[in-house]
Amino acid sequence: MNKYELTLDQLTKKCDDDCLHFKTTADLTPLQGIIGQGKAYKAIEFGLSIKKKGYNIYISGSWGTGRKSYAKLITEKKAMNMRVPYDWVYVNNFSKLNEPLAISFDPGTAKFFVSNLERTIGFLRKEVEKVFSSRDYENARNKVYQEYLYNTEVIIEKLNVIGDKYGFKFSQNERGLVTIPLKDDKEPMSEDEYNNLTNEEYEELKNKSNKLSIETIDLFNKLRQEELNYRQRLKNIDEQMGRSVVTFHIANIRESFKNNEGLQAYLDSVVEDIVNNIEKFKGNQTQEAANPFVAQKNPEAFFDRYKVNLFIDNSGADKAPVVFETNPSLYNLVGSIEYKNEYGVMKTDFTQIKPGALHQANGGFLILQAKDLLSSPYSWKAVKRALMNQHVAIENLGKEMGLIVSQTLKPNPIPLDIKVIIVGDQYTYNLLYHYDEEFRKLFKIMANFDSEMPRNEDNMNKMARFIATHCIKENLKHFDKSAVYRIIEYATRLADNQGKLSSHLNNLVEVLYEADSWAEVYGDGVVTAEHVEKSLEEKMNRANMYEEKVLEMFKDEIYLIDVDGEKVGEINGLAVTGTGQHRFGKPSKITVSTYRGKSGIVNIEREARTSGKIHDKGVMILTGYLGHQYAQDKPLALTASVVFEQLYSGVDGDSASSTELYAILSSLADKPIKQNIAVTGSVNQRGEIQPIGGVNEKIEGFFKVCKLKGLTGDQGVMIPHQNVRNLMLNKEVRDAVEEGKFHVYSVETIDQGIEILTGVKAGRIQKNGLYTKNSIHYLVNEKLNELAKPLPVSIKNEEDSKGKHVEIAGLPEETKAKK
């Protein structure tokens, strides 16, 4: 049995004193980067370097492996070598007011345009008012007016020449041009004379007036045209003088941004709009009478049309943007249009357009978390649409939901040049990859963060530098070499592999903080292994109440378990349970009953529907083993019921399948199993032991129960040989092993394990086809042969005085007597 027992060195992997070369982490250079994620590093580097459409990145991995931190770190580093992106502004679209224009500027220059235009508009309001009250302006208008008067007088004279023929005269007064009839074709007729006309005189006057109207129609048209020309010439003067002033002052802005074609077109429209609305700039608008029931218009509101919405300002940036959006709602991603209340009416304009994360990260990198993105309605569709179309369109949520909404703005979309990085888990990636075709097109780079890394000298040195980095960054006390060694051992325990280190750096950081706190409590200047050990111990004590309750039930014998002696068909199995942060091993009694029948192995847990699929599979494998081992020459006429005693919460996993098989073999061979040895391990149909999980917790869990009930010196645990590499047992168990009070065995096959548990050889098939006599396999085979034999039953009918007598042959005498 000793040949299967593990040595003390195999129970853990400690750090050698010379594997790291420093006294404290103060001697180390801080780490910039990640530890042990070579594949992920290469994938992210490639994804960030390629500029083609669709090469966005999905970073996959479990929580706490540094995915988000590294995504920020590498993008910040990459952004340092990238140009600062364009500034963007939204301005009024004078031809389509509901479609504001987006204009780009060189980085940091948009704010100068905003201030220049605001200052220019303010200056124009004063300058235009001065120009239109100047003597030159009045002289120009007066000249046009005089020409208009002269031309109208000439036309009126021509009208009077024709009017004389019909007894009429044309006269200009405040009501305009009027026609006056003449008395005796000489003097204007008075009103009384006109009213005293006879019917014949009135009809004659009317006929003359009609003829006059026909003959003078061309002259009247000329008169109207003169008035139109006069008004147009006045308007032309206003436009000419206004345009000259506006063009002169806008010219400075044009010159400053002469290479910006979009801006030049906008300035053209500004000039035209100011000229068309020059009356608003003259400063002589008349105020309407106030109506208490009608909202009054603010004259100043008109000039808001010339404001500029500084949408994206990169004036303070020295690199490309890196945005980590923690709340990726639709509006936070693509921007929004806000509204303001004016006299109870919700209004908006281009100045109320607000940017989203896609705008802010444009020209750089946007980092999102998959769970946040996918849980926010419409956000995922918006991101895909922006990446597919390569522009960002600000959308109204009402339209997305199919609701009827009032007319609102539709800003011009902004071109998009961005690299999106989604941080999530492998499960989410698989779902998106298989069910979302657009995801496969847009996120062609997948970087997978491993949960563990090789435990080599390079990674251990990086781990020490990682600790040094946090000491500096978080103002912690520095760790000495022994503390770093203990952290590395803890990382190995988390990885469940002596050749690995856990990549769940968040768990390690928690230990750093707590160890630093204990060093502070003890008044030490440097964190040592004792402080780390104390932090781990306290961390466990805060979370192990459930374990303590379970151990208390073992102590009070509420949970029935034997840790010494021998029993047939009973064995101690091991499982891992826990709540939240803390997992622990819990031993369970497994019992088996075997008897004649054809049901095979009956899994009572399954029949009670408390068994998982993997556990059911493990039990079915036992039937395959028994058939392969013993039923090559006979049917397997056996019923074996298997149950985890006092387990009511259900069971899953196949780590107890070898344990159940040992109990079945014990029951069939009628050989007792040592109760001082607990067993864990999976088995296949050929009897080979397979590895399981949670081996450290299982061993420590059984040790605690044995310690409660009293260590006898022969107690221990039997594990699969493949799990030896996973051992990182705590100091208490290692000390007990060193003192010979506890033992750990590793086996490769069922034959090796049954020998340890029963002290009887498993047996081999000899040349005669039979197993070694009195071996486990021999006894099991004999039992199965006996169970496979049919019971001979014969029935004889004998007449007696009372009727028929039935005799049953082939049954034991006592059974016959009962019958």
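Trainee: Is strand S29 (residues 715-720) largely enclosed by the rest of the structure or exposed, and why?

Mentor: A residue is called buried when its relative accessible area is under 20%, exposed when over 50%, and partly exposed in between, using a 1.4 Å probe and protein chains only. In this predicted model, six of the six residues of S29 are buried, so the strand is largely enclosed by the rest of the structure. Local features here need pLDDT of at least 70, and side-chain atom pairs count only at pLDDT 80 or more, whereas totals for chains, interfaces and linings use all residues. Residues are numbered from 1 along each chain as its sequence is written, and side-chain values use heavy atoms, leaving out hydrogens and water.

Trainee: What are the partners of S29, and in which sense do they pair?

Mentor: Strands of a sheet pair through backbone hydrogen bonds, either parallel or antiparallel. Strands (E, at least two residues) and helices (H or I, at least four) are DSSP runs numbered from the N terminus, and two strands pair if DSSP finds at least two bridges between them. Strand S26 (residues 677-679) runs parallel to S29 and is joined to it by three bridges, with Ile 677 opposite Gly 716. S29 also pairs in the parallel sense with strand S30 (residues 742-747), over six bridges, and there the bridge partner of Gly 716 is His 743.

Trainee: Which helix belongs to the β-α-β unit of S29 and S30, and what is its handedness?

Mentor: Point the strands away from you: a crossover is right-handed if the path from the first strand over the helix to the second runs clockwise. Helix H26 (residues 731-738) makes a right-handed β-α-β unit with S29 and S30.

Trainee: In what order do the strands of the open sheet with S8 and S17 stand?

Mentor: Five strands form this open sheet, in the order S8-S13-S16-S1-S17, with parallel pairing. Its edge strands, each pairing on one side only, are S8 (322-324) and S17 (445-448). S8 is joined to strand S13 (residues 365-369) by three bridges, and Val 322 has Phe 365 as its bridge partner in S13.

Trainee: How is the confidence of the model to be read, and where does it stay under 50?

Mentor: The predictor's confidence in each residue is pLDDT, on a scale from 0 to 100. For the protein the mean is 87, and 92% of its residues reach 70 or more. Over residues 798-819, however, pLDDT stays under 50, and for this stretch the model has 24 contacts (heavy atoms within 4.5 Å) beyond four places in sequence.
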